[in-house]
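This report looks at one helix and its surroundings, and then at the charged pairs. Please keep the sequence and the coordinates at hand while reading.

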Amino acid sequence: MTIEIANESGVAVDETSIVSAARFALDRMEVSPLAELSVVLVTLDVMSDLHERWMDLPGPTDVMAFPMDELDAARRPDAGDPSPALLGDIVLCPAFARDQARTAGHSLLDELHLLTVHGVLHLLGYDHAEPAEEREMFGLQKRILADFQAAVAEAQRRDAQRTADDRLLGAAGLDAPADTED
């Protein structure tokens, strides 16, 4: 799975973590490993322009999703090897999301994770225009985010334990010998 990210927003964010959230959501939704996704972080002005041009709504927004190809689950049996499918683009606006994060009482990165998962779900055909659709999409979004946060917390716990173990082994003189050149 290829996920490209471009930060054109002027806001410093952990791009690797945003890619991880997108990859986690795509994996959770069992999207083909051949899928390709682009994530672009933009300024308020760029997001305003996109929002007005594509949604006919004034001002900026937090996230927009632009689907490209549909994953073809019903490929012809005589078709060649499957080729990569471009899912589309997720456009995030960190400057807009910063205020939402403050209101929600969490970090900007947590808000960008939420918006990334939201964008992935839109690319996969989920919507929230109707109450039933909203319940389905937001419920799925909440589960994916909770699982992602749990996975990140577990990875951090393992890293901290590994660091503590290495420090203890080093203090006891049991650390691994350094590789030597022959």
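Which residues are exposed on the other side of helix 2? They are Asp45 and Arg53, where exposed means over 50% relative accessible area, buried under 20%, and partly exposed in between (1.4 Å probe, protein chains only).

## Basis of the values

This is a predicted model, in which local features need pLDDT of at least 70 and side-chain atom pairs count only at pLDDT 80 or more, while totals for chains, interfaces and linings use all residues. Residues are numbered from 1 along each chain as its sequence is written, and side-chain values use heavy atoms, with hydrogens and water left out.

## Helix 2 and its two sides

Helix 2 covers residues 44-55; helices (H or I, at least four residues) and strands (E, at least two) are DSSP runs, numbered from the N terminus. Its 12 residues reach 15 Å from the first C-alpha to the last, close to the 16 Å expected at 1.5 Å a residue, the expected span being 1.5 Å times one less than the number of residues. Aspartate 56 follows helix 2 and has a positive phi, near 60 degrees.

The buried residues of helix 2 are Met47, Ser48, Leu50 and His51. Because they cover an arc of only 165 degrees around the axis, they lie on the same side of helix 2; the arc is that of the directions from the helix axis to the C-beta atoms. These buried residues pack against strand 3 (63-67) and strand 4 (86-92).

Leucine 50, in helix 2, counts as buried at 15% relative accessibility. Leaving aside neighbours within four places in sequence, leucine 50 is in contact (heavy atoms within 4.5 Å) with Met55, Met64 and Val91. Leucine 50 and valine 91 are 41 residues apart in sequence, and their C-alpha atoms are 9.3 Å apart in space.

Methionine 55 is also found in helix 2 and is partly exposed, with a relative accessible area of 48%. Trp54, Met55 and Leu57 make a nonpolar surface patch of about 340 Å². Patches are made of residues with over 30% relative accessible area and no salt bridge, with like charges joined within 9 Å and nonpolar side chains (Val, Leu, Ile, Met, Phe, Trp, Tyr) within 5 Å; the areas come from the Shrake-Rupley method with a 1.4 Å probe, and for residues only the protein chains shown count as cover.

## Salt bridges

The structure holds 6 salt bridges, each defined as a side-chain nitrogen of Lys or Arg within 4 Å of a carboxyl oxygen of Asp or Glu. One of them joins the side chains of arginine 28 and aspartate 147 (2.2 Å, N to O). Arginine 28 lies in helix 1 (residues 15-28) and aspartate 147 in helix 5 (residues 131-171), so this pair ties together parts that are 119 residues apart in sequence. Arginine 28 is partly exposed at a relative accessible area of 38%, and aspartate 147 is partly exposed at 33%.

Within helix 2, aspartate 49 and arginine 53 are 4 residues apart, about one turn of the helix, and form a salt bridge whose closest N and O atoms are 2.4 Å apart. Aspartate 49 is partly exposed at 37% relative accessibility, whereas arginine 53 is exposed, with a relative accessible area of 53%. In helix 5, glutamate 154 and arginine 157 are 3 residues apart, about one helical turn, and salt bridges that share partners join Glu154, Arg157 and Arg158 into one network. The side chains of glutamate 154 and arginine 157 meet at 2.7 Å, N to O.
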